[in-house]
Structure formats: structure tokens, C-alpha cells
Amino acid sequence: MESVCVYCGSADNMDLVYLDAAYEMGAAIAERGLRLIYGAGSTGLMGAVADGALGSGGEVIGVIPKLFNTPTLAHSKLSHLEVVEDIHVRKARMIELAEAFIALPGGFGTLEELFEVLTWAQIGLHHKPIGLLNTRNYFNSLLKFVKHAQEEGFIFGEHQKLFTHTNLPEVLLNALVTYKQPSGLERWLTRKD
């Protein structure tokens with residue numbers, strides 16, 4: 001594993017504990033010699049994760065749609081910045097560049113990106129590890145929902161093994177490095193037990 005894509009919020013008005021955790025996540029990625037792939041933002045957790053990686057000497061590649069490539073929103077100190085046509089191209093490019101994915105706390109965009117890579121893993125479009133940094137138990141309600149979806153028959157048990165979660169950056173990176181794809185994923189397409 002050489003690169004990790006991080007999805008996270010760009011809002012600025014959250015508790016500092018979230019910003020600190022994002023910074024630590026970026027630093028942990030860089031300290032392992034991994035390349036950070038992310039949405040190129042300078043605000044909120046996006047800015048913090050990039051600053052953490054850059055502050056630890058890491059390589060940071062940002063992918064940003066033209067719409068957001070402004071002095072206010074785009075990070076100005078990245079190792080490499082790719083400006084793309086729109087948000088759909090941005091997501092596809094980040095998936096292409098990354099060998100693993102981490103979701104930090106965020107809003108609609110973060111959840112949309114997370115569920116896209118989970119869906120792609122579910123149907124076999126990629127076999128890359130996915131993790132959630134569960135800072136301050138931010139994702140607990142989401143984890144409960146995923147369990148409920150499985151109990152109600154909307155996903156299979158193996159789909160809960162498509163991702164891992166913890167509140168510690170180093171533990172999460174270890175889990176991604178040792179990830180093994182769950183068996184039985186093909187039954188989502190074949191409908192055979």
C-alpha cells in the first residue's frame with residue numbers, strides 16, 4: 001500500500017478534537033511513507049489532514065473540481081494539485097489514485113464518497129481496504145444503521161466486513177494494511193448462498 005485517499009468534512013465550525021484527529025491522521029499517513037490523496041481543500045478537516053501530512057514530510061495530492069479551485073477553498077501548499085472538470089471526475093480520479101480509503105467525520109459529501117467506495121467494493125469493482133476514523137464516536141449511529149440494514153436483509157453479513165473502524169489513526173492504518181477481502185461477496189450478484 002502506497003497511497004491512501006481520505007474523505008472528510010470541509011466545514012470550519014466543529015470542535016477542535018476533530019481537527020486534531022484529522023491532523024494526526026495526516027501525520028500518521030506521512031510517517032508511514034504513504035501518499036495522501038484527498039479533495040485538495042484548505043478548510044476544516046480537509047485542511048487539517050493535509051497539513052498533518054505535509055508537516056510530517058509527506059506527499060499530498062489534491063484533486064479539485066474547477067468550481068472549488070479558489071484561493072479561499074483550495075490548499076496552496078500541496079505536493080501536487082489536479083484540477084478536474086467536476087465532482088464526478090474528482091471522485092473517480094481519487095479512487096483511481098488510491099490503494100485504500102479512510103473516512104473522517106464529515107457531512108453529506110463525505111458520506112456520499114464513503115458509500116460510493118463501499119458500494120463499489122460490494123459489487124466487486126475494487127478490492128481496496130476502507131476504514132472509518134471514529135473520532136468522538138462520530139460514526140456510531142452510522143455503524144448502528146449498517147447493522148440494522150443487515151438485520152433487515154438489505155445487506156449481507158460479509159458487507160459489514162468491507163470496512164473497519166477505530167478512533168486511533170495508527171490502529172486504523174494497521175487494519176488497512178492487513179485487510180483481507182471477505183469471502184462470499186459474489187453472492188450479492190449471483191444470489192446463491
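Buried means under 20% relative accessible area, exposed means over 50%, and partly exposed is in between, using a 1.4 Å probe and protein chains only. Keep that handy for helix α4, where Thr110, Glu113, Leu114, Val117, Leu118, Ala121 and Gln122 are buried. You're looking at a predicted model, so to speak of local features takes pLDDT of at least 70, side-chain atom pairs count only at pLDDT 80 or more, and totals for chains, interfaces and linings use all residues. Numbering runs from 1 along each chain as its sequence is written, and side-chain values use heavy atoms, leaving out hydrogens and water.

**Helix α4 and what comes after**
- Helices here are DSSP runs of H or I with at least four residues, strands are runs of E with at least two, and both are numbered from the N terminus.
- The expected span of a helix is 1.5 Å times one less than its number of residues.
- For the 15 residues of α4 that gives 21 Å, and its end C-alpha atoms are 21 Å apart, which agrees.
- After α4 comes Gly124, with a positive phi near 85 degrees.
- Leu125 sits in the loop between α4 (108-122) and β6 (130-133), and it counts as exposed because its relative accessibility is 56%.

**Strands side by side**
- Two strands pair if DSSP finds at least two bridges between them.
- β1 (residues 3-7) and β2 (residues 35-38) pair in the parallel sense over three bridges, with Cys5 opposite Ile37 in β2.
- β2 also runs parallel to β3 (residues 60-65), joined by three bridges, and Leu36 has Val60 in β3 as its bridge partner.
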